[in-house]
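Visitor: I'd like to go through this one label by label and hear what backs each of them up. Can you take me along?

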Amino acid sequence: MSVVSLTPRARLLDAMRIALVAIVLGIPLVGLYTSDSGGVLQLHTRWPLLAAVVSAVFCLRLAQTSLLGGLRTRLQRRAAARPLLRSPRPLVQPLGWLLLIGALALPLLFSGNRYVIDIATTVLIYVMLGWGLNVVVGLAGLLDLGYVAFYAVGAYSYALLSQYLGFSFWLCLPIAALLAALFGMLLGYPTLRLRGDYLAIVTLGFGEIIRLVLINWTEVTGGPNGVSSIERPSFFGLTFGAGDPNSFAAFFGLGHSSSQRIVFLYYVILGLALLTNALVLRMRKVPAGRAWEAVREDEIACRALGINITNIKLSAFALGAMLGGLAGVFFAARQGFISPESFTFNESAIVLAIVVLGGMGSQLGVVLGALVLVLLPELGRNFSEYRMLLFGAAMVLIMVWRPGGIFAAREPSLLWSRLGRKARPAATRPVNLEASR
């Protein structure tokens with residue numbers, strides 16, 4: 001039975017059940033805690049705090065079913081009465097331009113705040129990774145749990161090429177991208193016949209294989225010690241070091257500041273992210289990109305239509321891996337040090353959560369998902385004891401209220417026009433019942 005159609009008594013019982021779940025989960029998380037007293041571990045209780053949390057959960061659940069249920073019903077009826085569906089395009093474009101302007105102006109607005117620029121750079125790295133995984137998961141419908149492997153391939157490609165061959169950052173960008181795309185095809189070829197959970201298990205194993213190779217191949221990768229002293233990117237040959245006559249500050253007659261390199265790296269990843277977005281949007285309009293979405297919806301029908309499923313899946317894996325490799329190159333250049341511990345399954349889970357939370361297939365949704373998942377832990381630093389609890393609760397609430405993602409509605413890839421009429425999204429095309437009879 002839907003929550004909206006529950007009777008008052010049933011709503012009260014439903015809130016009591018949710019409060020019971022809160023009690024079971026809250027006893028080990030809130031009600032009990034330990035402390036070290038002279039080398040002896042002591043157990044303490046916080047029953048009043050637990051009672052307050054359970055009461056709040058009960059009241060919120062009751063308010064949800066009582067107040068928001070009726071509001072949801074009215075919105076559904078109003079939406080059903082509309083003859084045409086609205087396109088998300090009027091909302092996507094202004095919000096996208098607003099985010100772009102804010103991203104361009106952020107270093108100017110926070111010129112003296114290195115922490116904000118560092119956080120924004122981290123957000124852009126995850127945005128770029130999310131757009132790459134969105135090609136595989138959101139558009140092609142292939143569940144990939146080992147995406148961090150391509151991230152690691154790009155990072156180690158730049159680190160090793162720079163250390164052993166002296167290649168620059170800009171020269172390593174296309175090389176690392178091609179190597180990551182090659183690894184994407186190597187992963188995609190043996191998994192062409194797999195779907196769903198089986199594909200997820202194989203990709204998860206591939207990610208762990210790459211990590212174990214990086215740990216054990218100590219002669220090349222440095223093993224657990226990683227690779228250090230990675231060359232920083234330069235601005236047309238100008239470095240950002242102090243006291244260097246060939247530095248950025250000396251060339252333009254500016255005073256040396258450590259924030260110059262931070263701002264430069266921010267604009268580098270912003271440029272890479274914009275190129276990634278333009279590439280993915282362009283690919284969605286060509287036949288290969290449309291075939292990705294067709295394979296996601298019905299692979300059997302695509303085979304019947306003569307679509308080469310092998311090439312389509314391999315192209316999705318290759319493009320997604322290439323974008324992940326580019327993000328890995330920048331990550332290595334920004335950190336100056338990488339190790340296998342930077343490329344664990346946790347990174348794949350975070351990127352996948354960004355795609356699902358933002359809305360699979362939505363470019364703008366990935367940006368919003370990255371903002372939520374990266375900024376929430378930073379905002380929760382003042383509540384260090386409950387940081388991960390608040391983070392998990394926020395994710396659960398978002399998926400309950402928006403099960404399709406923050407930006408579930410996305411602009412259709414195909415538009416139609418007829419007899420000179422203005423092009424409209426295919427989903428908003430009115431149905432003429434009289435003509436169809």
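Visitor: Where is Ile27 found, and why is Ile27 called partly exposed?

Guide: Ile27 is found in helix α1. This is a predicted model, and in it Ile27 has a relative accessible area of 31%. Buried means under 20% and exposed means over 50%, so Ile27, at 31%, counts as partly exposed.

Visitor: What makes Ile27 part of a nonpolar patch?

Guide: A patch takes residues with over 30% relative accessible area, and nonpolar side chains are joined within 5 Å. Ile27 has 31%, and it forms the patch together with Leu20, Ile23, Val24 and Trp47. Their accessible area together is about 450 Å². Helix α1 (residues 8-31) supplies the largest share, four residues.

Visitor: Is Asp14 buried or exposed?

Guide: Buried: its relative accessibility is 10%, and the limit is under 20%. Asp14 also meets Arg61 in a salt bridge, at 2.6 Å from N to O. Asp14 lies in helix α1 and Arg61 in helix α2 (residues 47-81), so this pair ties together parts that are 47 residues apart in sequence. Arg61 is buried too, with a relative accessible area of 17%.

Visitor: Which salt bridge links Arg334 to another part of the chain?

Guide: The one with Asp118, where N and O are 3.8 Å apart. Arg334 is in helix α13 and Asp118 in helix α4, 216 residues apart, so the definition of a helix puts the two ends in separate runs. Arg334 is buried, with a relative accessible area of 15%, whereas Asp118, at 22%, counts as partly exposed.

Visitor: And what makes a network out of Asp14, Arg17 and Arg61?

Guide: Shared partners: salt bridges that have them join Asp14, Arg17 and Arg61 into one network. The count of salt bridges comes to nine.

Visitor: What does α4 give to the largest nonpolar core?

Guide: That core has 87 residues, and those with the most contacts inside it include Leu129, Tyr158 and Trp292. Helix α4 (residues 114-139) gives the most to it, with 16 residues. Apart from it lies another core, of five residues, among them Ala19, Ala22, Leu50 and Val54.

Visitor: Which residues does Tyr158 touch?

Guide: Not counting residues up to four places away in sequence, they include Phe167, Phe169, Cys172, Ile230, Arg232 and Val329.

Visitor: How does the reach of α14 compare with the expected span?

Guide: Helix α14 (residues 345-358) has 14 residues and reaches 20 Å from its first C-alpha to its last, close to the 20 Å expected at 1.5 Å a residue. Its buried residues include Glu347, Val351, Leu352 and Val355. After α14 comes Gly359, whose phi is positive, near 120 degrees.

Visitor: And what is the reach of α7?

Guide: Helix α7 (residues 196-216) has 21 residues and reaches 31 Å, close to the 30 Å expected. Among its buried residues are Leu199, Phe206 and Ile210. The cover over the buried residues of α7 includes α5 (148-165), α6 (169-188), α8 and α13.

Definitions and conventions
Residues numbered from 1 in each chain as written. Predicted model: local features only at pLDDT ≥ 70, side-chain atom pairs only at ≥ 80, totals over all residues. Heavy atoms only, no water. Core = buried A, V, L, I, M, F, W, Y, C linked by side-chain atoms within 4.5 Å. Buried < 20%, exposed > 50% of the residue type's maximum accessible area, 1.4 Å probe, protein only. Contact = heavy atoms within 4.5 Å. Patch = residues over 30% accessible without salt bridge, like charges linked within 9 Å, V, L, I, M, F, W, Y side chains within 5 Å. Areas by Shrake-Rupley, 256 points an atom, 1.4 Å probe, with all protein chains shown as cover. Salt bridge = Lys/Arg side-chain N within 4 Å of Asp/Glu carboxyl O. Expected span 1.5 Å × (residues − 1).
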